[in-house]
Amino acid sequence: MFNQTNQKRGVQQEALGYAVYAAGEHITNLEAIKPVIERISQKHRAIGVIPEQYPVVGETLLQAVKDVLGDTASDEIIEAWGKVYGYIADAFIDLEKGLYEETKSQPGGWEGYRSFYIDKKVKESDTVTSFYLKAKDQKAIASYKAGQYLTLKAAIPGEKYTHIRHYSLSESPGKDYYRISVKRENAHDDAPAGIVSNYLHKQVQTGDTLEFAAPAGDFVLDHTELPVVLISGGIGITPLLSMLNTLAEKLPKRQVTFIHATTNSKTHAFKEHLAQLKNKNKHVTSFVCYSSPNEKDRVGHDFDKEGYVDLDLLQSIVPSKEAIFYFCGSLPFMEAIHKALQRWGVPREHIHYEVFSPVAILGEE
Ligand SMILES: Cc1cc2nc3c(=O)[nH]c(=O)nc-3n(C[C@H](O)[C@H](O)[C@H](O)COP(=O)(O)OP(=O)(O)OC[C@H]3O[C@@H](n4cnc5c(N)ncnc54)[C@H](O)[C@@H]3O)c2cc1C
(Lines give C-alpha, C1' and ligand atoms only; values in the text may rest on other atoms or scores of the structure.)
Protein backbone atom coordinates (compact mmCIF):
# COMPACT_ATOMS: atom_id res chain seq x y z
CA MET A 1 0.00 0.00 0.00
CA PHE A 2 2.82 2.41 0.78
CA ASN A 3 5.40 3.90 -1.57
CA GLN A 4 7.78 1.00 -2.26
CA THR A 5 10.71 3.23 -3.20
CA ASN A 6 10.45 4.88 0.21
CA GLN A 7 10.48 1.39 1.75
CA LYS A 8 13.59 0.40 -0.22
CA ARG A 9 15.36 3.60 0.82
CA GLY A 10 14.37 3.04 4.46
CA VAL A 11 12.65 6.43 4.77
CA GLN A 12 9.16 4.99 5.32
CA GLN A 13 10.42 2.84 8.21
CA GLU A 14 12.23 5.83 9.65
CA ALA A 15 9.02 7.89 9.52
CA LEU A 16 7.05 5.13 11.30
CA GLY A 17 9.77 4.70 13.92
CA TYR A 18 9.89 8.44 14.49
CA ALA A 19 6.10 8.70 14.92
CA VAL A 20 5.95 5.88 17.46
CA TYR A 21 8.99 7.21 19.35
CA ALA A 22 7.44 10.71 19.44
CA ALA A 23 4.21 9.18 20.79
CA GLY A 24 6.20 7.46 23.56
CA GLU A 25 7.99 10.69 24.40
CA HIS A 26 4.77 12.70 24.57
CA ILE A 27 2.44 9.97 25.83
CA THR A 28 0.97 12.16 28.57
CA ASN A 29 0.39 15.04 26.16
CA LEU A 30 -0.34 13.86 22.62
CA GLU A 31 -1.38 17.47 21.79
CA ALA A 32 2.35 18.19 21.42
CA ILE A 33 2.55 15.91 18.37
CA LYS A 34 -0.90 16.71 16.97
CA PRO A 35 0.52 18.22 13.74
CA VAL A 36 2.42 14.96 13.06
CA ILE A 37 -0.65 12.82 13.75
CA GLU A 38 -2.85 15.03 11.56
CA ARG A 39 -0.41 15.00 8.66
CA ILE A 40 -0.01 11.21 8.76
CA SER A 41 -3.78 10.69 9.10
CA GLN A 42 -4.34 12.69 5.92
CA LYS A 43 -1.92 10.39 4.06
CA HIS A 44 -3.58 7.31 5.59
CA ARG A 45 -6.99 8.51 4.43
CA ALA A 46 -5.58 9.20 0.96
CA ILE A 47 -4.19 5.68 0.56
CA GLY A 48 -7.12 3.97 2.31
CA VAL A 49 -5.68 2.67 5.60
CA ILE A 50 -8.41 0.91 7.64
CA PRO A 51 -8.64 0.17 11.41
CA GLU A 52 -8.20 -3.60 10.86
CA GLN A 53 -4.68 -3.01 9.55
CA TYR A 54 -3.34 -1.40 12.74
CA PRO A 55 -2.86 -4.65 14.73
CA VAL A 56 -0.80 -6.15 11.86
CA VAL A 57 1.58 -3.18 11.89
CA GLY A 58 1.62 -3.19 15.71
CA GLU A 59 2.70 -6.84 15.90
CA THR A 60 5.54 -6.47 13.40
CA LEU A 61 6.62 -3.20 14.96
CA LEU A 62 6.97 -4.81 18.40
CA GLN A 63 8.92 -7.63 16.81
CA ALA A 64 11.23 -5.00 15.29
CA VAL A 65 11.70 -3.35 18.71
CA LYS A 66 12.65 -6.79 20.12
CA ASP A 67 15.06 -7.41 17.24
CA VAL A 68 16.78 -4.05 17.71
CA LEU A 69 16.95 -4.03 21.50
CA GLY A 70 17.82 -7.74 21.85
CA ASP A 71 18.29 -8.78 25.48
CA THR A 72 17.55 -5.26 26.76
CA ALA A 73 13.95 -5.67 25.62
CA SER A 74 12.40 -7.01 28.83
CA ASP A 75 8.76 -8.10 28.80
CA GLU A 76 7.96 -4.91 30.65
CA ILE A 77 9.54 -2.73 27.96
CA ILE A 78 7.79 -4.58 25.13
CA GLU A 79 4.48 -4.33 26.99
CA ALA A 80 5.00 -0.58 27.48
CA TRP A 81 5.70 -0.03 23.76
CA GLY A 82 2.66 -2.16 22.95
CA LYS A 83 0.57 0.21 25.03
CA VAL A 84 2.09 3.27 23.36
CA TYR A 85 1.34 1.79 19.95
CA GLY A 86 -2.27 1.00 20.94
CA TYR A 87 -2.71 4.53 22.21
CA ILE A 88 -1.41 6.20 19.08
CA ALA A 89 -3.25 3.73 16.81
CA ASP A 90 -6.53 4.71 18.50
CA ALA A 91 -5.75 8.39 17.94
CA PHE A 92 -5.15 7.70 14.21
CA ILE A 93 -8.24 5.52 13.82
CA ASP A 94 -10.41 8.16 15.42
CA LEU A 95 -9.08 11.01 13.27
CA GLU A 96 -9.20 8.94 10.08
CA LYS A 97 -12.84 7.98 10.69
CA GLY A 98 -13.75 11.68 10.60
CA LEU A 99 -11.67 12.26 7.47
CA TYR A 100 -13.30 9.33 5.61
CA GLU A 101 -16.77 10.62 6.48
CA GLU A 102 -15.89 14.17 5.47
CA THR A 103 -14.44 13.06 2.11
CA LYS A 104 -17.35 10.81 1.20
CA SER A 105 -20.07 13.25 2.17
CA GLN A 106 -18.72 16.37 0.43
CA PRO A 107 -20.30 17.27 -2.94
CA GLY A 108 -18.37 15.45 -5.67
CA GLY A 109 -16.46 13.44 -3.05
CA TRP A 110 -15.69 9.73 -3.39
CA GLU A 111 -14.36 6.73 -1.49
CA GLY A 112 -11.25 4.87 -2.60
CA TYR A 113 -10.06 5.52 -6.13
CA ARG A 114 -11.93 7.10 -9.08
CA SER A 115 -11.09 7.11 -12.80
CA PHE A 116 -9.93 10.30 -14.46
CA TYR A 117 -8.88 10.75 -18.08
CA ILE A 118 -6.07 13.00 -19.23
CA ASP A 119 -7.76 15.90 -20.95
CA LYS A 120 -4.53 17.73 -21.66
CA LYS A 121 -0.79 17.23 -21.12
CA VAL A 122 1.21 20.49 -21.04
CA LYS A 123 4.99 20.86 -20.87
CA GLU A 124 5.90 23.49 -18.25
CA SER A 125 9.72 23.18 -18.43
CA ASP A 126 12.36 20.65 -19.57
CA THR A 127 11.51 18.45 -16.58
CA VAL A 128 7.95 19.35 -15.49
CA THR A 129 4.73 18.41 -17.28
CA SER A 130 1.16 19.22 -16.19
CA PHE A 131 -1.71 16.77 -16.49
CA TYR A 132 -5.27 18.10 -16.70
CA LEU A 133 -7.62 15.48 -15.28
CA LYS A 134 -11.35 15.12 -15.88
CA ALA A 135 -13.66 12.60 -14.17
CA LYS A 136 -14.46 9.70 -16.47
CA ASP A 137 -18.00 9.45 -15.06
CA GLN A 138 -18.43 13.16 -15.95
CA LYS A 139 -20.00 13.81 -12.54
CA ALA A 140 -19.02 16.65 -10.20
CA ILE A 141 -15.58 16.54 -8.60
CA ALA A 142 -14.85 17.46 -4.98
CA SER A 143 -13.43 20.89 -4.34
CA TYR A 144 -10.20 21.16 -2.35
CA LYS A 145 -8.10 23.65 -0.46
CA ALA A 146 -5.10 25.19 -2.20
CA GLY A 147 -2.03 23.23 -1.05
CA GLN A 148 -3.74 19.81 -0.95
CA TYR A 149 -2.74 16.81 -3.07
CA LEU A 150 -4.28 13.95 -5.07
CA THR A 151 -3.12 10.37 -4.66
CA LEU A 152 -2.46 8.28 -7.75
CA LYS A 153 -2.59 4.50 -7.86
CA ALA A 154 -0.64 3.56 -10.97
CA ALA A 155 -0.90 0.10 -12.53
CA ILE A 156 2.18 0.24 -14.75
CA PRO A 157 2.56 -2.47 -17.39
CA GLY A 158 5.41 -4.82 -16.39
CA GLU A 159 5.46 -3.74 -12.72
CA LYS A 160 4.70 -6.40 -10.10
CA TYR A 161 2.71 -4.06 -7.82
CA THR A 162 0.62 -0.96 -8.25
CA HIS A 163 2.49 2.19 -7.21
CA ILE A 164 0.98 4.88 -5.01
CA ARG A 165 2.20 8.49 -5.29
CA HIS A 166 0.89 11.83 -4.04
CA TYR A 167 0.80 14.87 -6.37
CA SER A 168 -0.08 18.37 -5.20
CA LEU A 169 -2.88 20.12 -7.06
CA SER A 170 -1.16 22.95 -8.90
CA GLU A 171 -4.24 25.00 -9.91
CA SER A 172 -6.68 26.98 -7.78
CA PRO A 173 -9.86 25.08 -6.82
CA GLY A 174 -13.30 25.56 -8.38
CA LYS A 175 -12.60 24.26 -11.92
CA ASP A 176 -14.25 21.29 -13.64
CA TYR A 177 -10.84 19.57 -13.78
CA TYR A 178 -7.87 18.88 -11.51
CA ARG A 179 -4.32 19.71 -12.51
CA ILE A 180 -1.16 18.05 -11.24
CA SER A 181 2.35 18.95 -12.40
CA VAL A 182 4.98 16.26 -12.27
CA LYS A 183 8.77 16.45 -12.38
CA ARG A 184 10.49 13.67 -14.34
CA GLU A 185 12.98 12.06 -11.93
CA ASN A 186 15.97 11.06 -14.05
CA ALA A 187 18.45 8.36 -13.06
CA HIS A 188 21.37 9.88 -11.15
CA ASP A 189 24.56 8.54 -9.55
CA ASP A 190 23.61 4.97 -8.60
CA ALA A 191 19.87 5.66 -8.26
CA PRO A 192 17.48 4.42 -10.95
CA ALA A 193 15.01 6.69 -12.80
CA GLY A 194 11.78 7.43 -10.92
CA ILE A 195 9.15 4.80 -11.74
CA VAL A 196 5.89 6.74 -11.71
CA SER A 197 7.10 10.15 -12.92
CA ASN A 198 8.75 8.55 -15.98
CA TYR A 199 5.65 6.47 -16.65
CA LEU A 200 3.53 9.64 -16.57
CA HIS A 201 5.90 11.64 -18.76
CA LYS A 202 6.72 8.97 -21.32
CA GLN A 203 3.82 6.54 -21.49
CA VAL A 204 0.65 8.26 -20.33
CA GLN A 205 -1.01 10.19 -23.16
CA THR A 206 -4.03 12.45 -23.61
CA GLY A 207 -7.20 10.32 -23.34
CA ASP A 208 -5.59 7.69 -21.08
CA THR A 209 -7.20 6.90 -17.72
CA LEU A 210 -5.63 7.04 -14.26
CA GLU A 211 -7.00 6.25 -10.78
CA PHE A 212 -6.97 8.91 -8.07
CA ALA A 213 -8.07 9.16 -4.44
CA ALA A 214 -9.88 12.35 -3.39
CA PRO A 215 -7.89 15.48 -2.36
CA ALA A 216 -6.17 15.33 1.03
CA GLY A 217 -3.58 17.20 3.08
CA ASP A 218 -3.23 19.72 5.88
CA PHE A 219 -0.89 22.19 4.10
CA VAL A 220 -3.49 24.88 3.44
CA LEU A 221 -3.86 28.67 3.59
CA ASP A 222 -4.62 30.34 6.91
CA HIS A 223 -7.54 32.70 7.46
CA THR A 224 -5.68 35.75 8.77
CA GLU A 225 -5.13 38.97 6.87
CA LEU A 226 -1.37 38.98 7.40
CA PRO A 227 0.87 39.13 4.30
CA VAL A 228 1.75 35.76 2.81
CA VAL A 229 5.24 34.62 1.79
CA LEU A 230 5.40 31.58 -0.52
CA ILE A 231 8.89 30.06 -0.94
CA SER A 232 9.48 27.16 -3.33
CA GLY A 233 12.45 25.16 -4.52
CA GLY A 234 12.15 23.23 -7.81
CA ILE A 235 9.03 21.09 -8.06
CA GLY A 236 7.99 22.34 -4.60
CA ILE A 237 6.35 25.13 -6.59
CA THR A 238 3.15 23.09 -7.18
CA PRO A 239 1.19 23.57 -3.90
CA LEU A 240 2.43 27.17 -3.64
CA LEU A 241 1.28 27.98 -7.16
CA SER A 242 -2.18 26.73 -6.24
CA MET A 243 -2.08 29.03 -3.19
CA LEU A 244 -0.85 31.98 -5.25
CA ASN A 245 -3.55 31.52 -7.91
CA THR A 246 -6.19 31.18 -5.20
CA LEU A 247 -5.05 34.35 -3.40
CA ALA A 248 -4.94 36.29 -6.69
CA GLU A 249 -8.47 35.15 -7.60
CA LYS A 250 -10.20 35.23 -4.22
CA LEU A 251 -8.22 37.66 -2.02
CA PRO A 252 -6.47 39.99 -4.50
CA LYS A 253 -5.81 42.62 -1.79
CA ARG A 254 -3.75 40.31 0.43
CA GLN A 255 -0.03 41.07 0.09
CA VAL A 256 1.87 38.09 -1.39
CA THR A 257 5.60 37.61 -1.89
CA PHE A 258 6.37 34.65 -4.16
CA ILE A 259 9.97 33.40 -4.06
CA HIS A 260 11.10 30.58 -6.34
CA ALA A 261 14.47 28.86 -6.59
CA THR A 262 15.41 26.64 -9.52
CA THR A 263 18.46 25.67 -11.55
CA ASN A 264 17.99 27.93 -14.60
CA SER A 265 15.52 28.88 -17.36
CA LYS A 266 15.39 25.29 -18.63
CA THR A 267 13.90 24.07 -15.34
CA HIS A 268 11.89 27.25 -14.64
CA ALA A 269 8.29 26.00 -14.74
CA PHE A 270 5.25 28.35 -15.04
CA LYS A 271 7.52 31.32 -15.88
CA GLU A 272 5.04 33.05 -18.25
CA HIS A 273 2.06 32.44 -16.00
CA LEU A 274 3.86 33.98 -13.01
CA ALA A 275 5.01 37.02 -15.00
CA GLN A 276 1.42 37.67 -16.18
CA LEU A 277 -0.04 37.19 -12.72
CA LYS A 278 2.48 39.62 -11.23
CA ASN A 279 1.73 42.24 -13.90
CA LYS A 280 -2.00 41.98 -13.30
CA ASN A 281 -1.89 42.11 -9.49
CA LYS A 282 -0.10 44.95 -7.72
CA HIS A 283 -0.24 43.10 -4.38
CA VAL A 284 1.91 40.25 -5.72
CA THR A 285 5.70 40.58 -5.80
CA SER A 286 7.95 37.80 -6.98
CA PHE A 287 11.63 36.93 -6.83
CA VAL A 288 13.48 34.16 -8.69
CA CYS A 289 16.88 32.64 -7.85
CA TYR A 290 18.82 30.49 -10.33
CA SER A 291 21.51 28.30 -8.77
CA SER A 292 23.24 27.72 -12.09
CA PRO A 293 22.11 30.13 -14.83
CA ASN A 294 23.04 29.18 -18.37
CA GLU A 295 24.72 31.55 -20.83
CA LYS A 296 21.48 32.99 -22.20
CA ASP A 297 19.85 33.65 -18.81
CA ARG A 298 19.80 37.36 -17.95
CA VAL A 299 19.54 38.87 -14.46
CA GLY A 300 16.52 41.20 -14.21
CA HIS A 301 14.86 39.46 -17.14
CA ASP A 302 14.86 35.70 -16.58
CA PHE A 303 15.80 35.75 -12.89
CA ASP A 304 16.65 38.14 -10.03
CA LYS A 305 19.64 36.60 -8.27
CA GLU A 306 22.21 33.89 -8.85
CA GLY A 307 22.51 31.53 -5.86
CA TYR A 308 20.27 30.27 -3.12
CA VAL A 309 17.52 31.62 -0.88
CA ASP A 310 18.98 32.53 2.52
CA LEU A 311 18.14 34.74 5.49
CA ASP A 312 19.85 37.82 4.01
CA LEU A 313 17.80 37.47 0.85
CA LEU A 314 14.56 36.93 2.76
CA GLN A 315 15.19 39.99 4.92
CA SER A 316 15.98 42.10 1.87
CA ILE A 317 12.81 41.23 -0.09
CA VAL A 318 10.15 40.36 2.49
CA PRO A 319 8.85 43.67 3.90
CA SER A 320 8.32 42.31 7.45
CA LYS A 321 8.59 39.08 9.37
CA GLU A 322 4.99 39.74 10.49
CA ALA A 323 3.72 37.40 7.79
CA ILE A 324 2.61 33.81 7.29
CA PHE A 325 5.34 31.73 5.63
CA TYR A 326 4.70 28.66 3.46
CA PHE A 327 7.47 26.67 1.83
CA CYS A 328 8.09 23.46 -0.09
CA GLY A 329 11.05 21.93 -1.92
CA SER A 330 13.79 19.34 -1.48
CA LEU A 331 14.66 18.38 2.11
CA PRO A 332 17.98 20.33 2.19
CA PHE A 333 16.20 23.39 0.75
CA MET A 334 13.46 23.14 3.36
CA GLU A 335 15.86 22.65 6.23
CA ALA A 336 17.75 25.79 5.13
CA ILE A 337 14.55 27.88 4.87
CA HIS A 338 13.25 26.53 8.19
CA LYS A 339 16.50 27.46 9.95
CA ALA A 340 16.52 30.91 8.35
CA LEU A 341 12.96 31.63 9.50
CA GLN A 342 13.70 30.41 13.03
CA ARG A 343 16.83 32.59 13.18
CA TRP A 344 14.80 35.56 12.00
CA GLY A 345 12.44 34.93 14.92
CA VAL A 346 9.32 34.05 12.93
CA PRO A 347 6.91 32.41 15.41
CA ARG A 348 6.37 28.68 14.91
CA GLU A 349 2.63 29.14 14.28
CA HIS A 350 3.41 31.36 11.27
CA ILE A 351 5.57 28.69 9.59
CA HIS A 352 3.93 26.05 7.37
CA TYR A 353 5.53 23.56 5.00
CA GLU A 354 4.85 20.50 2.87
CA VAL A 355 7.36 17.67 2.53
CA PHE A 356 7.39 15.53 -0.63
CA SER A 357 8.56 12.48 1.36
CA PRO A 358 7.38 10.50 4.41
CA VAL A 359 9.09 12.96 6.80
CA ALA A 360 6.31 14.70 8.72
CA ILE A 361 8.15 17.50 10.50
CA LEU A 362 11.50 19.29 10.24
CA GLY A 363 13.87 19.49 13.22
CA GLU A 364 13.84 22.55 15.49
CA GLU A 365 16.96 24.73 15.85
C1 LIG B 1 2.37 15.40 -0.31
C2 LIG B 1 3.22 15.17 -1.55
C3 LIG B 1 3.02 15.97 -2.67
C4 LIG B 1 3.81 15.78 -3.80
N5 LIG B 1 3.61 16.59 -4.89
C6 LIG B 1 4.38 16.43 -5.99
C7 LIG B 1 4.19 17.28 -7.14
O8 LIG B 1 3.34 18.17 -7.14
N9 LIG B 1 4.96 17.03 -8.23
C10 LIG B 1 5.93 16.06 -8.26
O11 LIG B 1 6.59 15.89 -9.29
N12 LIG B 1 6.13 15.26 -7.18
C13 LIG B 1 5.37 15.42 -6.06
N14 LIG B 1 5.56 14.59 -4.99
C15 LIG B 1 6.55 13.51 -5.09
C16 LIG B 1 5.90 12.30 -5.79
O17 LIG B 1 4.91 11.73 -4.93
C18 LIG B 1 6.90 11.18 -6.13
O19 LIG B 1 7.64 10.89 -4.99
C20 LIG B 1 7.82 11.58 -7.28
O21 LIG B 1 7.07 11.80 -8.47
C22 LIG B 1 8.87 10.49 -7.55
O23 LIG B 1 8.19 9.30 -7.82
P24 LIG B 1 8.79 8.26 -8.88
O25 LIG B 1 7.97 7.04 -8.81
O26 LIG B 1 9.02 8.90 -10.20
O27 LIG B 1 10.22 7.99 -8.27
P28 LIG B 1 10.63 6.76 -7.35
O29 LIG B 1 10.77 5.53 -8.15
O30 LIG B 1 9.75 6.75 -6.17
O31 LIG B 1 12.09 7.27 -6.91
C32 LIG B 1 12.23 8.44 -6.12
C33 LIG B 1 13.70 8.83 -6.03
O34 LIG B 1 14.42 7.82 -5.34
C35 LIG B 1 15.52 7.38 -6.13
N36 LIG B 1 15.65 5.91 -5.87
C37 LIG B 1 14.88 4.93 -6.39
N38 LIG B 1 15.27 3.72 -5.90
C39 LIG B 1 16.30 3.97 -5.05
C40 LIG B 1 17.11 3.17 -4.23
N41 LIG B 1 16.94 1.84 -4.17
N42 LIG B 1 18.07 3.80 -3.50
C43 LIG B 1 18.26 5.13 -3.55
N44 LIG B 1 17.50 5.94 -4.30
C45 LIG B 1 16.54 5.38 -5.05
C46 LIG B 1 15.15 7.68 -7.57
O47 LIG B 1 16.30 7.90 -8.36
C48 LIG B 1 14.36 8.97 -7.40
O49 LIG B 1 15.22 10.09 -7.36
C50 LIG B 1 4.81 14.77 -3.83
C51 LIG B 1 4.97 13.96 -2.70
C52 LIG B 1 4.21 14.15 -1.58
C53 LIG B 1 4.42 13.28 -0.36
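**Figure 1. Domain 1 and domain 3 in the predicted model.** In this predicted model, the centres of domain 1 and domain 3, taken over C-alpha atoms, are separated by 34 Å. The protein is divided into domain 1 (4-105), domain 2 (113-216) and domain 3 (228-355).

**Figure 2. The largest nonpolar core.** This core has 25 residues, and those with the most contacts inside it are Leu-133, Tyr-178 and Leu-200. At least two residues of the core are supplied by each of the following elements: strand 1 (113-123), strand 2 (128-135), strand 3 (149-154), strand 5 (178-183), helix 6 (195-203) and strand 6 (209-216). A second, separate core comprises 24 residues, including Cys-289, Phe-325, Trp-344 and Val-346.

Figure 3. The buried residues of helix 6 are Val-196, Ser-197, Asn-198, Tyr-199, Leu-200 and His-201. They pack against strand 1, strand 2, strand 3, strand 4 (163-168), strand 5 and strand 6. When its neighbours within four places in sequence are left aside, Leu-200 is in contact with Lys-121, Phe-131, Leu-152, Tyr-167, Val-182 and Leu-210.

**Figure 4. A nonpolar patch on the surface.** Leu-16, Val-56 and Val-57 make a nonpolar surface patch of about 220 Å². Within this group, Val-56 belongs to helix 4 (residues 54-69). Val-56 counts as exposed because its relative accessibility is 53%, and the cut-off for that class is over 50%.

Figure 5. Most residues other than glycine have a negative phi. Gln-138, although not a glycine, has a positive phi near 60°. Gln-138 is placed in the loop between strand 2 and strand 3, and its relative accessibility of 69% makes it exposed. Asp-189 is likewise not a glycine and has a positive phi of about 45°. The loop between strand 5 and helix 6 holds Asp-189, which counts as exposed at 78% relative accessibility.

Figure 6. Side chains of opposite charge can pair when their charged atoms come close. The structure holds 13 salt bridges. In one of them, the side chains of Glu-111 and Lys-104 meet at 4.0 Å, N to O; both Glu-111 and Lys-104 are exposed. In another, Glu-185 and Lys-183 meet through their side chains at 3.8 Å, N to O. Glu-185 is partly exposed, with a relative accessible area of 35%, and Lys-183 is also partly exposed, with a relative accessible area of 31%.

**Figure 7. The buried salt bridge between Arg-254 and Asp-222****.** The side chains of Arg-254 and Asp-222 form a salt bridge of 2.9 Å, N to O. Arg-254 lies in the loop between helix 7 (237-250) and strand 8 (256-262), whereas Asp-222 lies in the loop between strand 6 and strand 7 (228-233), so the pair ties together parts that are 32 residues apart in sequence. Both Arg-254 and Asp-222 are buried.

**Figure 8. A network of salt bridges.** Arg-39, Asp-218 and Glu-354 are the residues shown here, and salt bridges link them in a network.

Notes: Residues numbered from 1 in each chain as written. Predicted model: local features only at pLDDT ≥ 70, side-chain atom pairs only at ≥ 80, totals over all residues. Heavy atoms only, no water. Core = buried A, V, L, I, M, F, W, Y, C linked by side-chain atoms within 4.5 Å. Buried < 20%, exposed > 50% of the residue type's maximum accessible area, 1.4 Å probe, protein only. Helix = DSSP H or I, 4+ residues; strand = E, 2+ residues; numbered from the N terminus. Contact = heavy atoms within 4.5 Å. Patch = residues over 30% accessible without salt bridge, like charges linked within 9 Å, V, L, I, M, F, W, Y side chains within 5 Å. Areas by Shrake-Rupley, 256 points an atom, 1.4 Å probe, with all protein chains shown as cover. Domains from an automatic or database assignment.
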